[in-house]
Amino acid sequence: SASTFATLRKGLAAGSLAHLLVVALKLVGVDGGGLLLPGRGLWTFYANFVAVPFTAGASVAMHALAAFATTCSEVGEEK
């Protein structure tokens, strides 16, 4: 049985990685156009995301850091 900390850590890792995947798909433009696919979906549906790129970048960086911290570090054994 996993400890509460380990369970929360796995949930944080899964949530952060899922968020990064969704943001990457939005940027590519799978839902109506974006940076790689034709169309204006990114600018139409996510106007606030492209209007303030600093906060969008800060959000992506925070989720990337959370994903890195929860997937790359080891948890010590309980005594």
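Predicted model: local features only at pLDDT ≥ 70, side-chain atom pairs only at ≥ 80, totals over all residues.
Me: Where do I start? How many helices and strands does the protein chain have?

Reply: Count the elements, then read their order. The protein chain has 4 helices and 0 strands. Along the sequence the pattern runs α-α-α-α.

Me: What share of the 79 residues is buried?

Reply: Buried residues make up 18% of the 79 in the protein chain.

Me: And the contacts? What share join residues at least 24 apart?

Reply: Take the contacts between residues at least 6 apart in sequence. Of these, 43% join residues at least 24 apart.

Me: Now α1. How far does it reach from its first C-alpha to its last?

Reply: Compare the reach with the expected value. Helix α1 covers residues 4–28, which is 25 residues. It reaches 36 Å, close to the 36 Å expected at 1.5 Å a residue.

Me: What comes just after α1?

Reply: G29 does, and it takes a positive phi of about 105°.

Me: Which residues of α1 are buried?

Reply: Start with the general idea. An α-helix has 3.6 residues a turn, so residues three or four places apart point the same way. In α1 the buried residues are R9, A13, S16 and V23. They pack against α3 (47–51) and α4 (53–72).

Me: Take one of them. Why does S16 count as buried?

Reply: The cut-off is under 20% relative accessible area. S16 lies in helix α1. It counts as buried because its relative accessibility is 3%.

Me: What does S16 touch?

Reply: Leave out residues up to four places away in sequence. S16 then touches H63, A66 and A67. H63, A66 and A67 are among the α4 residues that meet α1.

Me: How do I describe two packed helices?

Reply: Use the angle between their axes and the distance between the axes. Here α1 and α4 pack at about 140°, with their axes 8 Å apart. That angle makes α1 oblique to α4. Angles over 145 degrees would count as roughly antiparallel.

Me: Is the crossing left-handed or right-handed?

Reply: α1 passes α4 in a left-handed crossing.

Me: Which residues make the contact?

Reply: List each side in turn. From α1 come R9, L12, A13, S16, L17, H19, L20 and V23. From α4 come S59, V60, H63, A64, A66, A67, A69, T70 and T71.

Me: How do the residues of that contact divide?

Reply: Sort them by type. The contact of α1 with α4 holds 10 nonpolar, 6 polar and 1 charged.

Note on methods: Residues numbered from 1 in each chain as written. Heavy atoms only, no water. Helix = DSSP H or I, 4+ residues; strand = E, 2+ residues; numbered from the N terminus. Expected span 1.5 Å × (residues − 1). Buried < 20%, exposed > 50% of the residue type's maximum accessible area, 1.4 Å probe, protein only. Contact = heavy atoms within 4.5 Å. Axes fitted to C-alpha atoms, helices over the stretch in contact; angles between N-to-C directions. Parallel < 35°, antiparallel > 145°, perpendicular 65-115°, else oblique. Left-handed = near helix turned anticlockwise from the far one by under 90°. Nonpolar A, V, L, I, M, F, W, Y, C, P; charged D, E, K, R; others polar.
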